[in-house]
Structure formats: structure tokens, C-alpha cells
Amino acid sequence: MKKIMIIGGGFAGFWSAAGAIRRAIELEKENEVEVTVVSRDSFLNLRPRNYESDLSQVRIPFERILKPIGGKNVEGNVEGIDFDNKTVTVSSSSDTITLSYDKLVLAAGSILQRPNIPGLEEHAFSVDTFQEASNLHQHLDNLVSKKSLAGCYTAIVVGAGFTGLEVAAEMVSMLKHVAEKNGDDPSTVRIVLVDHSDIAPDFNEEAREVIKGALSDLGIESYTKVAVQSISEDSVVLSNGEKLPALTTIWTAGVKASPLTSLFPVERDNFDRLPVDQFLRVIGTEDVYAAGDCIRVLTDETNVAMMSCQHASPQGKFVGYNVVSDLFEKDSLPYGHPYYVTCLDLGEWGALLTEGWDRKVMMKGKDAKEVKIDVNTKFIAPPLDDKEEILKESQPNYIYTFEDF
Ligand SMILES: Cc1cc2nc3c(=O)[nH]c(=O)nc-3n(C[C@H](O)[C@H](O)[C@H](O)COP(=O)(O)OP(=O)(O)OC[C@H]3O[C@@H](n4cnc5c(N)ncnc54)[C@H](O)[C@@H]3O)c2cc1C
């Protein structure tokens, strides 16, 4: 039995597993391959949905997607990789085990960076993981006991990139709902976006104007070209000296690839991502593939894949295909992703849909919101409890285009 070990059960990891199982069936080798996903828990967290007001649908149990296709799951934290002996060390609350592999896939994703700002670690919330998003929700529920304090219904969102914008827009209705529930005036809600650069720096001028208009309509205040100096339980101090009373601060600024990438004897990029070849094999290693937020790879002749589920999922499908092809000395497929689209949720205002690497505005407002809801509830989630459909979607050329919306 050949062992394929996948580290990480996010988009890249799950689709690597499904892609490998599909390819093994195609080659009539399914009884010769064991596919195991090692991950911190037994869920696929639909991470792009962690900003939402309802978290009940943002985790999918592996029982419903991995088990039906015959994949295995080991719960634990990968702490070491021995490339010479082809083993992985996994620790859990009860013990530490060593697992062997024939082919390894690193799909451990990325992690929010928390710079050394006084109070950030203790007082800032985030939505990087399901647990962190749940902690934020718990905190909002507890505001009822602090309703007399200044800044009770003020949220400071740090980082005006994609995640920060979605969080800020969603917080408007979330905090208003909390205020109403607590018997307070929802018009006292104040949402402040803070960024040391500009609003939506990755978007073009046309898209940025749409976003700024939406923020203004939502009543969100923007503080740009200003940094956060310190965070406490009840306020944020900015680099211009201003102190904003706020019981809720949410940090969204900057992610880097998983620290597991540091175990590889290769040079990483500025985001700690690993270099891979066109078949998504980690350059400078043997029998190791990687996908998702922890790799730097071109999607076409010029554009580097974003740290996005839009890229992580197809990469997983290519890796699954290639790792099994490699095991049985069949041809692999070079990775490519000819299409790029973004759909930014702007809360009750709607959403913004852009197409292409220049982010041409295609749709905005309520129409785009319908698309965003479809993206979050249909497109990014694998089919449930349906082996045939899951395996069908795990083909490496299964990429959504604008027409799918
Ligand atoms: C709020 C928010 C909004 C976003 N919006 C969008 C969007 O609109 N569109 C888009 O395309 N992308 C979006 N993204 C980005 C997207 O979520 C990521 O790019 C995507 O999740 C990357 O997939 P991945 O499989 O590489 O990594 P992840 O989804 O991060 O999965 C990594 C997995 O590895 C596991 N893991 C990590 N380290 C270890 C270890 N040492 N041992 C065991 N397991 C480990 C983790 O527990 C996790 O299961 C958003 C992200 C956030 C946080």
C-alpha cells in the first residue's frame, strides 16, 4: 500500500485528497493507495466565511466529504517532518505519533501575522480561524454586561484589505443587532477602519471608488495612512496620537504561509511561501508536493497565484492528480489557472464583483451580493455525502468562470 500524507485539511488539503482518490480510481489503483489528511481538527473550515454573522455553516465535517470518498483523517498538530526517513511527527492532546509516507503534500495554509504591538495579542480579535471568529462572536454576546461603558458599540477594524473590508461591512449590522438585543440605540454603533496605507490598496481606482462609496453609505469611518500604536481592552491609540474608545478591535492585517514551510531546505518568498515547479512539486525536495496558501506559483505566464481559496482548491486538485500519477509513473499535469475573479462582500450595501487581474468592475450592489451568497454557500463548498459528485468536482480542470455565476 502506497501512503499519501496530506498536511492540512483546508481547501488545498481536502481537494488534494479528493483529487488523489479520483486519479487512483481512474488508474484502477484505488486498492493500492491510502490517502490520509492530517489536520488540527476534523473539519474543512470555509475560511472566507469566517467574517459572517452566522458561523453555523462555515465548517464542514470530514465525515461528510472525506469519509464518503474513502479518505482517512488523523487529528493533530504536525510538528516535524523528517525528509530523509519520510516521516511526519504529529502531536495531539493525548500523545505524539510518527507517521510514514511515500508522498507528502504540504497544504498547511497561512496564518495571520500579529506584529509586536502593545496589547494586540491580549485584546485584538480576528477571524483567521473558526475558533478566532467564534471568540469574536462570544465577545459580542458578552457586551451586554458592558453596555454602560464608552465604546461599547464601537469596533475598530485594522487593515483595509479584502478581509478587513468584509469584516468592517459585516460588523455594521452585527453590532447594530447586538445593540438592539441589549435594548440600546443601534445608531450609536461606530465602525472605524484603520490602515497605515490606503483603502483597498490591491484594487484599481474604479473599484476603489465603488468601495469607498459603499463604506460611506454604510457609515464606516476610514482612517488611512495611520498606524495602530497600542490596543487595550477599551481603546486603541493611533500613531497620530488619537485615542479611540472601543471595546472591540479586530486585527486583519497581513498573512504569511504556515511556519511549517520553514522546515524545508529551500528559499521562501516574502510571504514565506515555498517555490514549486509547474507540477506543484516543492523545488529542492523529493516526493513532496504543496498547494494553497503555502506556495508561490504562476497561474499563467505572468501572474502569481493569490493566497485565496479560488487558487488553493484547483491547486489541490492538480496536486492530487500529480501525486498519484507520480506514484504509478504516469504523466502529470502542469498547473494553470487562466481565470481570476473577486467578489467582495460589502454587508448590507451589497458586494463588488471584479474580473481579471486588473480587477475590472463587472457588477456591484445587490446583484453582486446575490453572486457573493452563491460563492459562499455553493461554489466554495464541496458537495456533501455524495462520492460521485465530490470526485467529479475533483478533476483538475474544474475551474469556475464568470459565466458560472
Ligand atoms: C475572512 C477571510 C475572507 C477571505 N475571503 C476570501 C475570498 O473571498 N476569496 C478567496 O479566494 N479567498 C478568501 N480568503 C482566503 C482563503 O480563505 C485562503 O486563501 C484559503 O483558506 C487557503 O486555503 P489553504 O487550504 O491553503 O489553507 P487553509 O484554508 O488555511 O487550511 C490550512 C489547513 O491546515 C491546517 N494546519 C495548519 N498548520 C497545521 C499543522 N501544523 N498541523 C496540522 N494541521 C495544520 C489548518 O488547521 C487548516 O485545516 C479569505 C480568508 C479569510 C480569513
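Tutor: Arginine 273 is buried, at 6% relative accessible area. Buried means under 20%, exposed over 50%, and partly exposed in between, with a 1.4 Å probe and protein chains only. The model is predicted: local features need pLDDT of at least 70, side-chain atom pairs count only at pLDDT 80 or more, and totals for chains, interfaces and linings use all residues. Residues are numbered from 1 along each chain as its sequence is written, and side-chain values use heavy atoms, leaving out hydrogens and water.

What does arginine 273 meet in a salt bridge? Its partner is aspartate 269, at 2.9 Å from N to O. A salt bridge puts a side-chain nitrogen of Lys or Arg within 4 Å of a carboxyl oxygen of Asp or Glu. Side chains of opposite charge can pair when their charged atoms come close. Aspartate 269 is buried too, at 17%.

The structure holds 25 salt bridges. One joins arginine 49 and glutamate 52, also at 2.9 Å. Both of these residues are buried. Lys86, Lys103, Asp287 and Asp326 are linked in a network.

Now take aspartate 293 and arginine 47. Their closest N and O atoms are 3.5 Å apart. Aspartate 293 sits in the loop between strands 21 (288–290) and 22 (295–296), and arginine 47 in the loop between strands 3 (43–45) and 4 (59–61), so the pair ties together parts 246 residues apart in sequence. Strands (E, at least two residues) and helices (H or I, at least four) are DSSP runs, numbered from the N terminus. Aspartate 293 is buried at 10%, while arginine 47 is partly exposed at 27%.

Polar contacts, pairs of N or O atoms within 3.5 Å, come next. A side-chain N or O atom of asparagine 77 is 3.3 Å from a ligand nitrogen. A polar side-chain atom of lysine 372 is 3.3 Å from a ligand oxygen. The protein covers 88% of the 1000 Å² of accessible area that the ligand has on its own, by the Shrake-Rupley method with a 1.4 Å probe.

Note on methods
A polar contact is a pair of N or O atoms within 3.5 Å; within protein, one must be able to donate a hydrogen and the other to accept it, and residues adjacent in sequence count only if both atoms are side-chain atoms.
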